[in-house]
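Visitor: Hi! Could you walk me through this one?
Guide: Happy to, here it is.

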Amino acid sequence: MIFKDSNFSEQTAWISVTFTVFIAWFYANGMKQLEGTFSTHADQIVGLWAKTMFASIIFAVIAFSALAIMRKFSGDDDDNLLIDERDELIEARATRWAYYNLSTCIIILFVHIFCQGVITNYPFFPNVPPIDFLIHGVMFSSLLVEFILRASQIYRYRKAA
Amino acid sequence: MSKQVKGVISNQLRKKRFEKDEMTQQELAKALGVTRQTIAAIEAGKYSPSLEVAFCLTDIFETPLDELFQWQVNDSETNNE
């Protein structure tokens, strides 16, 4: 079982990993149904953000309730919310990876927008306006950063501190 | 010229726990204010605790630090400029 021999921090990291995958799928699905661009159909994009926010809250409530029930039944409830020095060290190292990833994503986003503006027949996403690319790019970058943060945390909990 | 010495830290935590009325990892974790997984990681040599935790361990087991933790230097020492 995934949660076997894991502490509260690792369990919440598993939930966050699942959360980012679910929200990425949800948002990508919503993007497919969008008509037009941000400049012509801004209301649809704002609606997608609202739906994504609502889905996030529902997911978090269900996931953390399920975790609380599982911990109650497994008898792990005693050390609930205890975060010790090892957890902090692991989170600090994972955060470093996440920041590298965030910087890379931001650079890629801006390089793409710059290239789209100056290079004729630029091959990547030719039909997506820069503002739309930036909006969706920031969304997916944030999810990727969170995914890498939590996945590297889990990796360190499983392998070494 | 600085010398970087590489080595491993081993410990006698498991032995000391059993000598202290077969203390469980959970009991030790509670006494230290850390999680049971951290105690397991220290015993397995996967995590080196902070000095604060190390000194708390010496208090709990009433034993000197160098009896609890040992530093073994590797033969392959590296010199860095």
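Visitor: How much area do chain A and chain B bury between them?
Guide: In this predicted model, chain A and chain B bury about 1,100 Å² between them, 47% of it on carbon and sulfur atoms. Buried area is the accessible area (1.4 Å probe) that two parts lose on being put together, summed over both.

Visitor: And which residues of chain A lose the most area to chain B?
Guide: Those are A:D84, A:E85 and A:R86, together 45% of what that side buries.

Visitor: Which helix gives the largest share of the side of chain A that touches chain B?
Guide: Helix 3 of chain A, with four residues. Helices here are DSSP runs (H or I, at least four residues), numbered from the N terminus.

Visitor: Switching topic: how do helix 2 and helix 4 of chain A cross?
Guide: The axes of helix 2 (residues 42–74) and helix 4 (residues 130–159) of chain A come within 13 Å and cross at roughly 5°. Axes are lines fitted to C-alpha atoms, for helices over the stretch in contact, with angles from 0 to 180 degrees between N-to-C directions. So helix 2 of chain A is roughly parallel to helix 4 of chain A (angles under 35 degrees count as that).

Visitor: Which residues make the contact?
Guide: A:I45, A:W49 and A:T52 of helix 2 of chain A meet A:D132, A:I135, A:H136 and A:M139 of helix 4 of chain A, contact meaning heavy atoms within 4.5 Å.

Visitor: How is the numbering set?
Guide: Residues are numbered from 1 along each chain as its sequence is written, and chains are lettered from A in the order in which they are written. Local features need pLDDT of at least 70, and side-chain atom pairs count only at pLDDT 80 or more, while totals for chains, interfaces and linings use all residues; side-chain values use heavy atoms, leaving out hydrogens and water.

Technical notes. Helices (H or I, at least four residues) and strands (E, at least two) are DSSP runs, numbered from the N terminus. Angles under 35 degrees count as roughly parallel, over 145 as roughly antiparallel, 65 to 115 as roughly perpendicular and the rest as oblique.
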